[in-house]
Amino acid sequence: MHKFNILGLDPAAEEIKPAAIYAVLAPLDNFSIEFILHSISPNDVKENIFIVSSQIESFFESSCSNLLLDASEQGRVHSFSFTKEISEWNAKRINKGIIKELSAYENIKNALIVVHFGTQQLRDTTEQQFETLIEQYKSFLIDTNTSLLFLISGPEVTNYRFLVRRLNQLFSGVVFVDNDSAARVLEYDYWRHSTGVLSNTHYQLILQNDRLVVEEGKIETQTLSNKYFNDEDVVWLVQNSVPEGTKLPANYHVVKSNSDLFEKGPQLEAATLVFSVTRYTDLSELGKQCFELRKNCGRWLKLVIQNVDGIIRHQDECLFLTLGVNLILYSFSEPSRLLSQIQSIQGFQFSRPLPPSVEHVLRYTENTFSKGYLPFIDFTRQVEVHSDSAVNLGVSGVLVVLELLPRIDPIHPLHLFHIKREGDVFSVAENKVYLYLHACRENDVMNAIKHLFKLETSDFFAQQSIISDHFYIQQECKQLRRYYRDKDVSDFTNQLKENDSYKFDPALAKNPSIDIATPEFFTQERPDAKAFTMKVKEL
């Protein structure tokens with residue numbers, strides 16, 4: 001019997017019955033593939049494993065592929081990929097071919113089968129056709145006594161989650177793999193095992209020593225005795241979060257600083273705390289304070305951040321929300337609007353899971369420190385890392401493709417890109433410039449490019465396209481890397497080393513290795529001016 005190799009998972013949730021088909025759904029390919037790789041137990045290495053996927057290389061290139069690689073060296077892994085011609089077939093024809101191919105193997109009995117489809121491949125499949133498809137797999141599993149994990153990933157995966165629930169007579173279970181607060185979350189809608197059915201169960205996972213481990217809930221759950229807290233209408237706020245002289249309601253209390261408000265928090269149950277952020281605020285320290293309050297005071301305490309100076313960036317906002325903040329007021333609001341926004345969250349509890357620690361969240365930001373030009377293959381890999389970090393933090397990221405005008409040498413527009421933010425990288429392949437903007441919303445792309453590019457983009461580029469969905473960004477990177485893997489792509493790293501030459505450096509004028517015969521290096525020296533005394537002529 002096959003089992004998931006996840007430490008701390010309930011026995012009922014880790015069991016995979018023979019002759020059963022389970023659905024694993026995820027919004028991104030790497031979520032589902034990572035889950036499957038971590039789910040292969042040492043016992044599965046002794047059995048045969050069959051994998052069918054259009055992204056088959058992702059199963060073997062991951063840092064979690066050790067057990068799968070060991071089984072592959074023993075000849076127990078059989079992998080199948082779709083050619084370009086096959087990928088254009090409809091799902092009915094593809095699955096008929098999959099079943100026919102798998103039936104030819106004598107060692108298929110008692111094996112574990114993984115079939116991976118993207119939502120775009122199933123887009124033209126009706127509900128009736130999908131049901132027929134699963135019935136065919138079901139008959140095949142009963143004949144061979146095998147277990148099947150049917151992976152579906154993509155932006156439209158939620159629709160298939162509802163569809164699988166309706167087909168619960170065919171599917172033995174469905175698990176939804178998603179990311180929240182920098183941790184993987186497993187949502188078991190239902191799961192049939194040897195002693196019954198598991199339903200409506202959630203697990204939060206963290207990675208320890210290259211293994212997924214169930215993280216125990218660290219937020220204290222508070223029960224309502226009379227469904228009302230005495231301090232639910234009480235609001236504590238920092239003095240500079242409202243204009244000076246503002247008259248506040250009787251249940252509003254003012255403290256001098258964020259530190260005073262932090263010390264007040266443990267004495268409260270369901271009150272609202274309003275912290276203020278100015279240009280002098282230590283955001284990392286405030287994030288740690290919010291995390292500690294949320295972890296120790298429970299879900300009913302409301303944490304609000306008032307952005308007084310408007311300096312909080314998009315990534316900072318997402319970090320605060322990940323660390324337990326209920327609401328961020330993005331600008332200095334009028335007192336009446338502040339009161340109404342605070343009132344809108346009263347009566348609700350914090351519902352998102354908390355990460356294991358602040359350091360666990362900040363670790364995902366370390367991958368976004370690279371910036372500037374990268375060779376193309378390195379660029380595609382780095383964008384995948386940036387995109388994965390963005391998903392874990394809930395941050396937006398966009399991939400911009402700029403097509404060069406005819407007869408434009410790529411080096412000229414590349415010299416005009418001046419990257420200042422960590423996480424922003426760019427590269428070029430053939431006649432297209434690829435630019436990834438980290439922590440940037442799609443609506444802000446044009447403004448961002450104006451700050452990065454010195455001239456009008458229309459002078460160099462014929463058109464531009466924007467990819468903002470993380471799923472399609474990762475898909476595009478995989479396809480580009482596969483397409484240019486064996487091609488000679490120009491590397492402009494050496495030519496762009498002097499990309500900061502537009503900055504004036506006084507030391508250059510005194511450098512003997514530089515030709516100073518050009519006008520910009522001429523210097524004029526004259527003696528210090530002498531004071532000239534002026535007198536009024538007497539009449």
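This is a predicted model: local features need pLDDT of at least 70, side-chain atom pairs count only at pLDDT 80 or more; totals for chains, interfaces and linings use all residues.
1. Start with the contacts of Val238, where a contact means heavy atoms within 4.5 Å. Leaving aside residues up to four places away in sequence, Val238 touches Val254, Val255, Lys256, Ser257, Asn258, Leu261, Val274, Phe275 and Ser276.

2. Residues are numbered from 1 along each chain as its sequence is written, and side-chain values use heavy atoms, with hydrogens and water left out.

3. Val238 belongs to strand S12 (residues 235–238); helices (H or I, at least four residues) and strands (E, at least two) are DSSP runs, numbered from the N terminus. With 2% relative accessibility, Val238 is buried (buried is under 20% relative accessible area, exposed over 50%, partly exposed in between, with a 1.4 Å probe and protein chains only).

4. Now for the aromatic rings: the whole structure holds 22 aromatic pairs. Rings of Phe, Tyr and Trp (its six-membered ring) pair if their centres lie within 6.5 Å; planes under 30 degrees apart are stacked, over 60 edge-to-face, and the rest tilted. Phe50 and Tyr105 make an edge-to-face pair, 5.4 Å centre to centre with 75° between the planes. Phe50 sits in strand S4 (residues 49–52) and Tyr105 in the loop between helix H7 (91–102) and strand S6 (112–118), so this pair ties together parts that are 55 residues apart in sequence.

5. How exposed are these two residues? Phe50 is buried, at 0% relative accessible area, whereas Tyr105 is partly exposed at 25%. Tyr105 also forms an edge-to-face pair with Phe80, at 5.9 Å centre to centre and 80° between the planes. Because Phe80 lies in strand S5 (residues 77–80) and Tyr105 in the loop between H7 and S6, the pair ties together parts 25 residues apart in sequence. Phe80 is buried, at 17% relative accessibility.

6. Have a look, too, at the cluster that ring pairs make of Phe4, Tyr22, Phe35, Tyr188, Trp191 and Tyr203.

7. Finally, find Lys487, which lies over the face of Tyr484 at 5.9 Å from the ring centre. A charge sits over a ring if NZ of Lys or CZ of Arg is within 6 Å of the ring centre and within 35 degrees of the ring normal.
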